[in-house]
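Biologist: I have the model open on my side. Could you walk me through it while I look?

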Amino acid sequence: MASPSHLLTLHLAPSLPSRRKLAPATACNTNTAAGVKCEFSSHSSPQNPKPLKTPLPKPFVSVTKTLAVSAATGILFHLSSSAPSFIGNCTGGSGEGGGGGDGGGGGGGGEGGFWSRIFSPSAIAKDDDAQTQEWDSHGLPANIVVQLNKLSGFKKYKISEILFFDRRRWATVGTEDSFFEMVSLRPGGIYTKSQLQKELETLATCGMFEKVDLEGKTNPDGTIGITISFTESTWQSADRFRCINVGLMPQSKPIEMDPDMTEKEKLEYLRSQEKDYRRRIERARPCLLPMTVHREVLQMLREQGKVSARLLQKIRDHVQKWYHDEGYACAQVVNFGNLNTKEVVCEVVEGDVTQLAIQFQDKLGNVCEGNTQLAVVRRELPKQLQKGHVFNIEAGKQALRNINSLALFSNIEVNPRPDEKNEGGIIVEIKLKELEQKSAEVSTEWSIVPGRGGRPTLASIQPGGTVSFEHRNLKGLNRSILGSVTTSNFLNPQDDLSFKLEYVHPYLDGVYNPRNRTFRASCFNSRKLSPVFTGGPGLDEVPPIWVDRGGVKANITENFTRQSKFTYGLVMEEITTRDESSHISPNGQRVLPSGGISADGPPTTLSGTGIDRMAFAQANITRDNTTFVNGAIVGERNVFQLDQGLGVGIKFPFFNRHQLTVTRFIQLKQVEEGAGKPPPPVLVLHGHYGGCVGDLPSYDAFTLGGPYSVRGYNMGEIGAARNILELAAELRIPVRNTHVYAFAEHGNDLGSSKDVKGNPTEVYRRMGHGSSYGVGVKLGLVRAEYAVDHNSGTGAIFFRFGERF
């Protein structure tokens, strides 16, 4: 069956009030191994957005910034099948507050303010459209200054350049000046007189300028150069700063002053506005902004002196940068109030989650009733996606990973969108498409066995493979039954038939219980080649011994974190050792000088008959805090495993077998994290100890040598022992899109090989200790290595799949 198809889509679409119109969408796509797609989109509109209808009182400034730039984060975690879909749609709120005056609080926000156009893709889109539009020559003498009201209302003018002239500094400011963010006009654009007038009106009513004018200068080629002259608004100096969360608060619009008001009525009106704004501040909640950022803003206020429009821009950018760097992608600075007092109030809409909705969809994307119980999905969601918390983009990505790990869904979407009923609120929508409950898969392989005379015949072609089936999500609680049957010859399967039937029961303590324990029960039959009965260097090939295991196993796994867990259970099994002809072999075999085979080697089982039966308890605890830094794994991993014989079975085996593995991935250089950034060099230090006390059958002895023990040797080529120690070091250096590495490893039986029944290490002429060193390169999933066997002094090239550590 095909694996689930997921696409990780990070879609952050700012939603602004209806009276502001945005330009056509722009997209930025970045494809990685996990499939990352970042889109920033908005609604299409005419070239110029509509101006604000509500003029702003002097002591108040509204600042709302589109999320498309500052909230953009492309990530990725690596999933083996693919990556789920994350769709984000955030808005900060319109930022309309109470009025102010006489040094009091702030006033109306004008439905988001002129900042809603900052960094929007409108200008880029307009430039593209302008190339195909016709425009009219101004029809005036060249190099003369033309006032805006002198332009014709019937012509389309092409703008050649735009200059900003600061009257206070009496100088033209460059394009790097922050005020350029406020202008939607762009050089090369085509505009009518009414569009230019609306642009001037928007700038004049935004509250950031005391005075602003727009005039044109004619060019010989018929185009017009625009000069915008302005006087920046300033307020008295401030020595205090307060940040408040106004999300979910009703946004009251200020009433414009009636020109016919008396002075007394105007004064009363301003006082009422100030009183209303103070109540608004009292009702607001504290924001998440830490005190370190507060102190940094205070330092900016002290250094600046008077509060200016440019300073407010810097404060807005500084505050929003902290929110977006911390993953609060829907947070926006919407207002500044109290600008004529000693305290500047920064109003932030942080993106409070007001609702969590889970939907199931059919294959066509229609809403349907799902089989999975909602509690199964809800328990996988981080707290920051629950109602009452502030939405965090990292929490959304964590939800994708958690839900995907259930392996129940073919498509997953997490979509934060604005709550239309609660201004500034976020509704988190989770859309799921379920996999089919029942699935089956058949994989086949064909092998050709030499017939008589060494030549293959039609009858010697053997069909083999694996038949597997799964019935998942029983009762909607993620319980499942899995089975598989494997053989190398379906025509004669009794030779090496292996099977496994497993029942998985998660949420052992109940789906509403936070404790995460999973019960598994299985019956199995498997066959593996034993590395204990392997020849040392220079010894002729040793006839192989196969170990068949059949039995039942039950265990409980408790997950502490996604990577750290504790497993404990019981195993009852029958072990049979066989030669390559599938006959029971109670002893190891060796090749005689005459070419014959002698079966007088070390005993293969504890009973001496070739068949053992035993029961033992098993426990495994894993502590893993490794993480990925630009694709390189760093951190530490510790694993301890214990097998305790219970004295049940043939000859009442009683033993204690224990293993400890410690691995450290040490980052050698600090690097900037992000998509496309190079990974750091990493030093890997690894140690493994294994020991056994009590009855030890040969097939369970610890072996040394092999791709996951000491590289450069065959499986078990160094020895088999009761106690072993392995040490390894590997230095990984990133090169382009992969890494090269050098390694050195050592394995030692600690003198315990002689304590294994029959001493197979000595019988098969193995050293009992050995070292190796070499270099390698990672090629996708394959490790290409050149390793030198220190015992023989020879080197060889190996190709291995997977990771060593």
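Modeller: The second largest cavity has a volume of about 30 Å³, where a cavity is a set of points on a 1 Å grid over the protein atoms alone at which a 1.4 Å probe fits but cannot get out, and a volume is the space filled by probe spheres set on points joined across faces, edges and corners. This is a predicted model, in which local features need pLDDT of at least 70, side-chain atom pairs count only at pLDDT 80 or more, and totals for chains, interfaces and linings use all residues. Residues are numbered from 1 along each chain as its sequence is written, and side-chain values use heavy atoms, with hydrogens and water left out.

Biologist: Which residues line the second largest cavity?

Modeller: Its lining, meaning residues with an atom within 4 Å of a point, consists of Glu730, Arg732, His739, Tyr741, Lys778, Arg783, Glu803 and Arg804.

Biologist: And by class, what does the lining of that second largest cavity have?

Modeller: There are 6 charged residues, 1 polar and 1 nonpolar, with Asp, Glu, Lys and Arg counted as charged, Tyr among the nonpolar ones, and the others, Gly among them, as polar.

Biologist: What does the side chain of arginine 766 reach, then?

Modeller: That side chain reaches the backbone oxygen of threonine 534 at 3.2 Å.

Notes: 1 Å grid on protein atoms, 1.4 Å probe; cavity = no way out; pocket = protein on both sides within 12 Å on 5 of 7 lines; lining within 4 Å. Polar contact = N/O pair within 3.5 Å; in protein donor to acceptor, adjacent residues only side chain to side chain.
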